[in-house]
Amino acid sequence: MWHYGIHIWDVDHDHLEPNFDEYHRVQVVDESVGNAADNLQVLIAFNLMHTLILPLVRSSIILLLLRVAWVIYSVRIALYVILAFNIGACLGPWVAMIFMCPPRTNNTYAPTVYNGLSCLDPWQAAIIYVFVVTVNMFTDLLVFPIPCVLVWRLRNTSLRSRLAIMSSFALSLG
């Protein structure tokens, strides 16, 4: 696709860049009709999956911490707020990524997506990427001290409660 391992003078000038329409689409054959239909763009599918991965992992960690910290009211409320923020900050960019313009040859992009709908240009997509990275780091920093607070607040509990908490955290390692 990008001629790796070939000297640049051996590549035909007309084939320096690949045809993005050919490489960024998946042909899905509809067996009931019998023809191939363009119905999925690989770039958009990758962005949609990539945008959801970290927030889903963080949500599972928050749910684990909620299970451990249900007795401490202030920590429970903080975890609910972080979970709501995490879900909102995940779904907003996820919906916007659906309308990202597909790339074209010669460092251009398609003007429309999905049957003529207008799409986000690359600068708007870059702003969304920066937002996603910033929010992921911010929510990681918010979740990070919660286990320390839990252990500190529950240090005077019974041995049974401490063993239950330690086993919960040990299970999360697996």
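Trainee: Is Asp140 buried, partly exposed or exposed?
Mentor: Asp140 is partly exposed, with a relative accessible area of 42%. Here buried means under 20% relative accessible area, exposed over 50%, and partly exposed in between, using a 1.4 Å probe and protein chains only. Please note that this is a predicted model, in which local features need pLDDT of at least 70 and side-chain atom pairs count only at pLDDT 80 or more, while totals for chains, interfaces and linings use all residues. Residues are numbered from 1 along each chain as its sequence is written, and side-chain values use heavy atoms, leaving out hydrogens and water.

Trainee: Which residue forms a salt bridge with Asp140?
Mentor: Arg58 does, with the closest N and O atoms 2.8 Å apart. A salt bridge is a side-chain nitrogen of Lys or Arg within 4 Å of a carboxyl oxygen of Asp or Glu. The structure holds one salt bridge. Arg58 lies in helix H2 and Asp140 in helix H4, so the pair ties together parts that are 82 residues apart in sequence. Helices are DSSP runs of H or I with at least four residues, strands are runs of E with at least two, and both are numbered from the N terminus.

Trainee: And Arg58, buried or exposed?
Mentor: Arg58 is buried, at a relative accessible area of 3%.

Trainee: Changing topic, how many aromatic pairs are there?
Mentor: The search of the whole structure finds one. The ring centres of Phe85 and Phe138 are 5.9 Å apart and the planes stand at 80 degrees, so the pair is edge-to-face. Rings of Phe, Tyr and Trp (its six-membered ring) pair if their centres lie within 6.5 Å; planes under 30 degrees apart count as stacked, over 60 as edge-to-face and the rest as tilted.

Trainee: Where do Phe85 and Phe138 lie?
Mentor: Phe85 is in helix H3 and Phe138 in helix H4, so this pair ties together parts that are 53 residues apart in sequence. Phe85 is partly exposed at 35% relative accessible area, and Phe138 is partly exposed at 43%.

Trainee: What is the secondary structure of the protein chain?
Mentor: The protein chain has six helices and six strands. Along the sequence, the pattern is α-β-β-α-α-β-β-β-β-α-α-α.

Trainee: Last one: what share of the residues is buried?
Mentor: Buried residues make up 26% of the 174 residues in the protein chain.
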